[in-house]
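Have the coordinates open while you read.

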Amino acid sequence: KKFIGVHTSFMKAVRFILSKGGLSKAKVAVLCGGPDWPTSVITGIMGLPLGEMLYGTLPVVVLIFPVIVAAGCRLEVKHERAGDDKLSGDDRWYSQASVIALAVSGILQCLASLLAAYFAQLI
């Protein structure tokens, strides 16, 4: 318990949010934007219902999707060489799309983490 920091004020707020019945915006924000491993462990320690926790974690697909798009676009780049800035039309498009998708992914993850922190601070 000490390793996951249950004694910290943030994790106490997370524990309080997760212990409330039903699904709320705060619970979904903590499940999707909170620290992965400590949040999962604390749900197990508290004996919270698995189905509800998994259902509350489903919106994480929105966070994962841009990374999948970026990886798919990177796989489509056929003729990229180290130090070579000359890409064909399709390769250039896929390369730029992957960079944009990764940027979107980073922004979404930051927003999810900030939202989890916001709801934890309200407690």
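## A lysine and its surroundings

Lys27 lies in helix α2; helices here are DSSP runs of H or I with at least four residues, numbered from the N terminus. Before going further: this is a predicted model, where local features need pLDDT of at least 70, side-chain atom pairs count only at pLDDT 80 or more, and totals for chains, interfaces and linings use all residues. Residues are numbered from 1 along each chain as its sequence is written, and side-chain values use heavy atoms, with hydrogens and water left out.

Is Lys27 buried or exposed? Lys27 is buried, as its relative accessible area is 1% (buried is under 20%, exposed over 50%, partly exposed in between, with a 1.4 Å probe and protein chains only). Setting aside residues up to four places away in sequence, Lys27 touches Ile17, Leu18, Lys20, Gly21, Gly22, Glu52 and Met53, where contact means heavy atoms within 4.5 Å.

The structure holds one salt bridge, meaning a side-chain nitrogen of Lys or Arg within 4 Å of a carboxyl oxygen of Asp or Glu. Its side chains are those of Lys27 and Glu52, at 2.6 Å from N to O. Because Lys27 sits in α2 (residues 25-33) and Glu52 in α4, the pair ties together parts 25 residues apart in sequence.

| Residue | Relative accessible area | Class |
|---|---|---|
| Lys27 | 1% | buried |
| Glu52 | 23% | partly exposed |
| Tyr55 | 54% | exposed |
| Gly21 | 69% | exposed |

Gly21 belongs to the loop between α1 and α2. Gly21 and Pro49 are 28 residues apart in sequence, yet their C-alpha atoms are 9.8 Å apart in space.

Now for α1 itself. Which way do helix α1 (residues 9-19) and helix α6 (residues 89-122) cross? Their axes come within 9 Å and cross at roughly 85 degrees; axes are lines fitted to C-alpha atoms over the stretch in contact, with angles from 0 to 180 degrees between N-to-C directions. That makes α1 roughly perpendicular to α6, a label covering 65 to 115 degrees. Phe10, Ala13 and Ile17 of α1 meet Ala116, Ala117, Phe119 and Ala120 of α6. Ile17 is also among the residues that Lys27 touches.

Definitions and conventions: Helices (H or I, at least four residues) and strands (E, at least two) are DSSP runs, numbered from the N terminus. Angles under 35 degrees count as roughly parallel, over 145 as roughly antiparallel, 65 to 115 as roughly perpendicular and the rest as oblique.
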